[in-house]
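Here is a short report on one protein model and its ligand. Please look over the sequence and the coordinates before reading on.

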Amino acid sequence: MSGIYLDNNATTEILPEVRQAMLPFLESAFGNPNSIYELGVQARAAIERSRHQVAQALGVGASEITFTGSGTEADNQALLGVAFANLTGRKKIVISALEHSAVKETAKWLGKFGFSTVEVPFVAEQGRVSLAPFSQAIDEETLLVSVMAAHNETGILFPLPEIAQHCKKVGALLHSDAIQAFGKIAFSPEQIGLDMVSISAHKCHGPKGVGALWVRRGLKLEALVHGGPQENQRRAGTENVAGIVGFGAAAALANPEKYKTVSDLRDRFEAELLARFGKRVMINFQDFARLPQTSSVQFVGMDGNILLIKLDRAGVFASSGSACHSRSLSVSKSLLAMGLTEKEARGSVRFSLSPANSTGDIDQTLQILVRLLT
Ligand SMILES: Cc1ncc(COP(=O)(O)O)c(C=O)c1O
C-alpha cells in the first residue's frame, strides 16, 4: 500500500503470517470440514486449532468460542440469542449510548418482540466514564446489559469490572463488544466477570468476514442461523475455513505488548499537534484511559470531512467516525452523545495507528497537516 494508513479502527492490514496460514485452505486443502475423509478431517482440525488460538488469546475455554461471519453477527448472536432464549422472563435491555450500530440496532429491533431498551447516557467523571448512570439503569428487571470495552471513535475505556459487579447483584447478564479492544489491551472476560464477548478478525490483522462470540460455559443462547449442527448448533452452514484459520493466526500473534510503542507514537502525535497548532486543535478525551492506538482530534472551526479529503489527496488515510457511517457525511452521533457540540463533532477526525506505523509516518502526517492548515 502506498500512503500513510492511519485508519486501523476501520480495518487492519492482514499480516503476512496470517495470509500464509490461510493460503492452503484457499488452494489444495479445500475440503469441507464436515466430510469424513482426510481432506475434511484436515479442515476440521484447522478450525479447531483456530478455536484454541482465539480462546487462548482471550484466556477462555475453546469450547466456549463460536465463530461468526463478522463482529456485527457476534453482537447480533449475543443479544438475539439471549433474548430469544428468555422470551418469558425479564424484558429490559440496557446498553451504553455509545454502542456501535451492531448493538444499538439489534437492541432496537428486539422491541418487536416485547423487549425495551434503555440507553445509558455518557457521563464523564474525573477522566473516566461514570458508573452511576449504569447502576441507576441496571435493575432486577434487566435481562441483558451490553457495554463496549472501548469506544471505536475516541478509544475511551468503559468501567466493565464495576458494571459486571452491579450486574451480578441484580442477576443481569453482561455482554461486551470488545471488537476494538481485543489484542490492543490486556482483556480477560472471566476476570472482568463478563458473560459474552464479541471480537472481529479484521480489526486485529486478520481477514474480513469472520468474528467470534465467547459465551460463558452453561449460558443458554438460541441459535441465529438454523440448519446443520455447525458451531455447537449455534450457526448452521459450512464454515469459512480459510477465514477462521486467518482469525486463529491473527489471534495467536495478537499481543498488547506490541501496542506500548503504538501508544508512545500516538502520544507523540498528539503532543506535536498541540505544540504546532496550539488552540487550533483539541484532543478529544485525552485525559481518559484510552485504547493505545486511537486519537480523536478536533480541528477547531474546521469541517473534518473536508480535511479528510485533503489528507486523502496528500496520501494520509484517516476517518471522521465509525467506518460504517463515514461514507455518509453526517456528523458523529457518538461524539454528540459525549457532549461535543455539532461544530466540535464536525471538526473531529479519528487517527488510528497500528504497530506497522513508524515515527516517519507520524512526522510526515504532521508536516502534511502543517501544509494543509497554514
Ligand atoms: C465497536 C465495533 N463493533 C462492531 C463492529 C462491526 O464489526 P464487523 O466489521 O466485523 O462487522 C465494529 C467495526 O467497526 C466496531 O468498531
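The sections below cover the ligand site, the salt bridges, the cysteines and a surface patch.

## Ligand site

The model is predicted. The ligand is surrounded by 13 residues. The closest are Thr-72, Asp-177, Gln-180, Ser-200 and Lys-203. Helix α3 (residues 71-85) gives the largest share of this shell, with 3 residues.

A polar atom in the side chain of Asp-177 sits 2.6 Å from a ligand nitrogen. Lys-203 places a polar side-chain atom 2.6 Å from a ligand oxygen. For His-202, a side-chain N or O atom is 2.9 Å from an oxygen of the ligand. The ligand taken alone exposes 390 Å², and the protein buries 91% of that.

## Salt bridges

Side chains of opposite charge can pair when their charged atoms come close. The whole structure holds 19 salt bridges. One of them joins Arg-44 to Glu-239, with the closest N and O atoms 3.0 Å apart. Arg-44 is in helix α2 (residues 38-58) and Glu-239 is in the loop between α8 (230-233) and α9 (241-253), so this pair ties together parts 195 residues apart in sequence. Arg-44 is partly exposed at 23% relative accessibility, whereas Glu-239 is buried at 9%. Both belong to a salt-bridge network that also includes Glu-48, Arg-51 and Glu-231.

Lys-92 and Asp-139 form another salt bridge, at 3.0 Å from N to O. Lys-92 lies in strand β3 (residues 92-96) and Asp-139 in the loop between α5 (132-137) and β7 (142-146), so the pair links parts 47 residues apart in sequence. Lys-92 is buried at 13% relative accessibility. Asp-139 is partly exposed at 23%.

Arg-268 pairs with Asp-363, and their closest N and O atoms are 2.3 Å apart. This bridge ties helix α10 (residues 259-277) to helix α15 (residues 359-373), and the two residues are 95 apart in sequence. Arg-268 is partly exposed at 31% relative accessibility. Asp-363 is partly exposed at 26%.

## Cysteines

How many disulfides does a search of the whole structure find? The count is 0. Cys-167 is buried, at 1% relative accessibility. Cys-204 is buried too, at 6%.

## Surface patch

Leu-87, Trp-109 and Phe-113 make a nonpolar surface patch of about 280 Å². Phe-113 sits in the loop between α4 (101-109) and β4 (116-120). Phe-113 is partly exposed, at 35% relative accessible area.

How values were computed
Residues are numbered from 1 along each chain as its sequence is written. This is a predicted model: local features need pLDDT of at least 70, side-chain atom pairs count only at pLDDT 80 or more; totals for chains, interfaces and linings use all residues. Side-chain values use heavy atoms; hydrogens and water are left out. Patches are made of residues with over 30% relative accessible area and no salt bridge: like charges are joined within 9 Å, nonpolar side chains (Val, Leu, Ile, Met, Phe, Trp, Tyr) within 5 Å. Accessible areas come from the Shrake-Rupley method with a 1.4 Å probe; for residues, only the protein chains shown count as cover. A salt bridge is a side-chain nitrogen of Lys or Arg within 4 Å of a carboxyl oxygen of Asp or Glu. Helices (H or I, at least four residues) and strands (E, at least two) are DSSP runs, numbered from the N terminus. Buried means under 20% relative accessible area, exposed over 50%, partly exposed in between (1.4 Å probe, protein chains only). A disulfide is a pair of cysteine sulfur atoms within 2.5 Å. A residue is near a molecule or strand if one of its heavy atoms lies within 4 Å of it. A polar contact is a pair of N or O atoms within 3.5 Å; within protein, one must be able to donate a hydrogen and the other to accept it, and residues adjacent in sequence count only if both atoms are side-chain atoms.
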